[in-house]
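Me: I've got a structure open and I'd like to learn how to read it. Can you walk me through a few features?

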Amino acid sequence: MTEFRDRLRQLLGPLPAFTPLNPYVEYRADLGDVYREQVCYNVEPGERVRAYLFTPKGLLDAERRPAVLAHHQHNDEFQLGKSEVAGLAGHPDQAYALELARRGFVVLAPDALGFEERGPYAGELAAPVTQTVGGNRERFEFTRRVLNGSCLQAKLVSDMQRGLDYLQTRPEVDGGRLGAIGHSLGGQQTLFLAALDNRVQAGVSSCGFSSLRSVLREGINHNFGAYVPGLLAHGDVGDVLRAVAPRPFLALNGSDDPIFPIDGLYDSYATAQPAYEEAGHPERLRVAARAGGHAFTPEMRDRAYAWLERWL
């Protein structure tokens, strides 16, 4: 596990340079049962990120809660990001940051590079006439990093780690009980973050991954963050999942998901499960498929939230 994690870090290439967070809160909204803050912090020199932070109301003095980083989906909707998981735009089934806060978690929901305020549409949430500009920006962010010996995944996961750094600065957060969750791109990123950062004590991926070999077999194109140069020479997504062991991880998927072949999900599970068994915690890895396609249904979300409540 450690050997593959080290190899994965090497394959990612150089990470962005470290810089102090220098965070601040821009405003706070009272939603009745929870607060929603818009926060801002550094992710690398010269680059700041805006995110929504949800906190439950009624916390006692010095009370600290488990916290979750909620990563938004892709869906070729580059105008959306943090606002969709916050329930402010997009599909209601994607509002998992808000829903988790209403179940008692502190939740951070940032924009990924290329989306919402960090994309070409500059925070305009209305759907553009075409997403060509957004897709071209994503491709550019990938290719320029490859030319410099890195990749887009290195940037995405580094930004998520800065999100964990921020959560650990908050007085409401128990820094030893951090989790991550996401659908689609968010599920992919939850997997990579959990594999690379032991601070993630529990993770949930909804329709977020399948083996790369099954994806290539079916001729499926994916987001550019999925492609880590040289990865298939050393393993596959199942080995990334294996690197999470023995920390709890739940992967949910639709049996007919058109972009993540279900056999590739089960192959990934088969690769990772022996590591959990060797650690004496086979119950901490679960993979489950439901009838249907690429979605995060209410039933799936209930199961996801229960998983985080159990382990955090």
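This is a predicted model: local features need pLDDT of at least 70, side-chain atom pairs count only at pLDDT 80 or more; totals for chains, interfaces and linings use all residues.

Me: Is Glu 47 buried or exposed?

Reply: Glu 47 has a relative accessible area of 19%, so it counts as buried, the cut-off being under 20%.

Me: Which side chain does the side chain of Glu 47 make a polar contact with?

Reply: That of Lys 155, at 2.9 Å. Leaving aside neighbours within four places in sequence, Glu 47 also touches Tyr 41, Asn 42, Leu 113 and Arg 118.

Me: How do I read a sheet?

Reply: Strands of a sheet pair through backbone hydrogen bonds, either parallel or antiparallel. Here nine strands make an open, mixed sheet in the order S1-S2-S3-S5-S4-S6-S7-S8-S9. S1 (24-30) and S9 (285-290) are the edge strands, each pairing on one side only. On average, neighbouring strands are turned by 20° against each other, direction ignored.

Me: Which helix packs on the sheet and touches S1 and S7?

Reply: That's H5, whose direction makes about 125° with that of S2.

Me: And two helices packed together?

Reply: They are described by the angle between their axes and the distance between the axes. For H5 (residues 152-167) and H6 (residues 185-196), that's about 70° and 10 Å, which makes H5 roughly perpendicular to H6. Residues in the contact include Leu 156 and Met 160 of H5, along with Phe 192 and Leu 193 of H6.

Me: How many residues of each class are in the contact of H5 with H6?

Reply: Seven are nonpolar, five polar and none charged.

Note on methods
Residues are numbered from 1 along each chain as its sequence is written. Side-chain values use heavy atoms; hydrogens and water are left out. Buried means under 20% relative accessible area, exposed over 50%, partly exposed in between (1.4 Å probe, protein chains only). A polar contact is a pair of N or O atoms within 3.5 Å; within protein, one must be able to donate a hydrogen and the other to accept it, and residues adjacent in sequence count only if both atoms are side-chain atoms. Contact means heavy atoms within 4.5 Å. Axes are lines fitted to C-alpha atoms, for helices over the stretch in contact, and angles run from 0 to 180 degrees between N-to-C directions. Helices (H or I, at least four residues) and strands (E, at least two) are DSSP runs, numbered from the N terminus. Angles under 35 degrees count as roughly parallel, over 145 as roughly antiparallel, 65 to 115 as roughly perpendicular and the rest as oblique. Ala, Val, Leu, Ile, Met, Phe, Trp, Tyr, Cys and Pro count as nonpolar, Asp, Glu, Lys and Arg as charged, and the others, Gly among them, as polar. Two strands pair if DSSP finds at least two bridges between them.
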